[in-house]
Amino acid sequence: MCFFKKTVVEEIGLGQNPEYSLEDLQKEIGVIFSNKDYLKEALTHSSFIRHLPKDKQHNERLEFFGDSVLKFIVTEYLFHTYPDYNEGQLSKLRSQIISDKFLAEMAMKIDLGQYIFMSFGEQKSGGVLRKSMIANAMEALLGACYLDKGLEETKTLFFRLWEEVRDQLDSEEFNDFKTLLQEKCQKYKSKLPVYKVVKEIGPDHKKMFHVEASVTIDEMVVISQGDSDTKKRAEQMAAKKILDIVEQYQNK
């Protein structure tokens with residue numbers, strides 16, 4: 001059964017083959033849907049309802065479902081990543097990740113707005129770029145992925161997009177690799193990492209810092225470097241590299 005009426009192509013301006021555009025999106029997100037109706041429903045704005053057969057729906061139900069899926073994924077991640085944080089701290093971090101602002105950033109990374117089925121009037125008024133609309137579609141997409149592929153693949157999709165935009169979060173706690181490294185040192189009863197600026201390049205108004213970090217964890221000595229326009233950020237980059245090295249070593 002066809003998901004849309006024949007007038008879809010002219011109304012949404014996706015060209016003569018809207019299915020091709022959906023294939024593009026699936027390649028972009030790395031998820032090939034078995035049931036394409038889930039994907040189409042996730043991308044159908046309520047303004048497009050008059051173009052749908054009576055047995056089809058717009059994406060608000062999937063948005064509702066995807067919101068719960070998103071909260072679970074984020075809550076589980078924060079619970080395991082920040083074992084020393086209390087409920088209030090975890091709630092604060094979660095509220096940032098599931099905010100429309102952050103979800104819209106994720107959606108824009110894959111040009112999700114370009115794939116949303118909406119009325120011509122909604123399209124003319126800038127719906128493709130409206131943060132609330134594309135954030136809702138992002139939730140619906142996660143809900144659709146869960147229904148079609150299950151939790152693990154939905155997690156993979158979310159974290160793939162998360163890695164591309166996490167630096168844009170307001171809170172530096174998400175990127176506080178120095179704290180995470182310090183906690184790992186405490187876990188293995190190791191001395192705390194040592195950071196030192198080994199080089200400064202450029203004039204004061206445009207200086208680059210080269211920082212070296214060293215630590216011994218689980219009987220392994222690790223030294224890494226980080227470069228940035230601030231000392232603090234360079235230290236964070238060096239700490240992240242150490243965490244990555246230690247994780248690879250321990251996963252062997």
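**Basis.** This is a predicted model; local features need pLDDT of at least 70, side-chain atom pairs count only at pLDDT 80 or more, and totals for chains, interfaces and linings use all residues. Residues are numbered from 1 along each chain as its sequence is written, and side-chain values use heavy atoms, with hydrogens and water left out.

**Overall fold.** The protein chain has 11 helices and 3 strands. Helices (H or I, at least four residues) and strands (E, at least two) are DSSP runs, numbered from the N terminus. Along the sequence the pattern reads α-α-α-α-α-α-α-α-α-α-β-β-β-α. Of the 252 residues in the protein chain, 43% are buried. Buried means under 20% relative accessible area, exposed means over 50%, and partly exposed lies in between (1.4 Å probe, protein chains only). Among contacts with a separation of 6 or more, 60% are between residues 24 or more positions apart. Contact here means heavy atoms within 4.5 Å.

**Nonpolar cores.** A nonpolar core is a set of buried Ala, Val, Leu, Ile, Met, Phe, Trp, Tyr and Cys residues joined through side-chain atoms within 4.5 Å. The largest one has 48 residues, and L112, M138 and F158 have the most contacts inside it. At least two residues of this core come from each of α2 (18-29), α3, α4, α5 (87-97), α6 (100-109), α8 (131-149) and α9 (151-165). Helix α8 gives the most to this core, with 10 residues. Beyond its neighbours within four places in sequence, M138 contacts L103, M106, A107, L112 and L161.

The buried residues of α6 are F102, L103, A104, M106 and A107. Their cover includes α4, α5, α8 and α9. D111 follows α6 and sits in the loop between α6 and α7 (120-124). Phi of D111 is near 55 degrees, a positive value in a residue other than glycine. D111 counts as partly exposed because its relative accessibility is 48%.

**Helix packing.** Two packed helices are described by the angle between their axes and the distance between the axes. Axes are lines fitted to C-alpha atoms, for helices over the stretch in contact, and angles run from 0 to 180 degrees between N-to-C directions.

| Pair | Angle | Axis separation |
|---|---|---|
| α10 (residues 177-187) and α11 (residues 231-250) | about 45 degrees | 8 Å apart |
| α4 and α5 | roughly 135 degrees | within 10 Å |

In the second pair, α4 is oblique to α5. Angles under 35 degrees count as roughly parallel, over 145 as roughly antiparallel, 65 to 115 as roughly perpendicular and the rest as oblique. The crossing of α4 and α5 is right-handed. A crossing is left-handed if the near helix is turned anticlockwise from the far one by less than a right angle, and right-handed if clockwise. K71, V74, T75 and L78 of α4 meet L90, L93, R94 and I97 of α5.

Helices α10 and α11 are likewise oblique to each other. Their crossing is left-handed. On α10, the contact uses F177, K178, L180, L181 and K184. On α11, it uses E235, Q236, A239, K240, I242, L243, V246 and Q250.

**A buried asparagine.** N59 is found in the loop between α3 (36-42) and α4 (60-81). N59 counts as buried because its relative accessible area is 5%. A polar atom of the N59 side chain lies 3.0 Å from the backbone oxygen of A42. Leaving aside neighbours within four places in sequence, N59 is in contact with E41, A42, L43, T44, H45, A137 and A140.

**Around β1.** K189 lies in the loop between α10 and β1 (194-201). K189 is not a glycine, yet its phi is positive, about 55 degrees. With 76% relative accessibility, K189 counts as exposed. I201 belongs to strand β1. Not counting residues up to four places away in sequence, I201 touches K206, K207 and M208. I201 and D229 are 28 residues apart in sequence and 9.5 Å apart in space, C-alpha to C-alpha.

Technical notes
A polar contact is a pair of N or O atoms within 3.5 Å; within protein, one must be able to donate a hydrogen and the other to accept it, and residues adjacent in sequence count only if both atoms are side-chain atoms.
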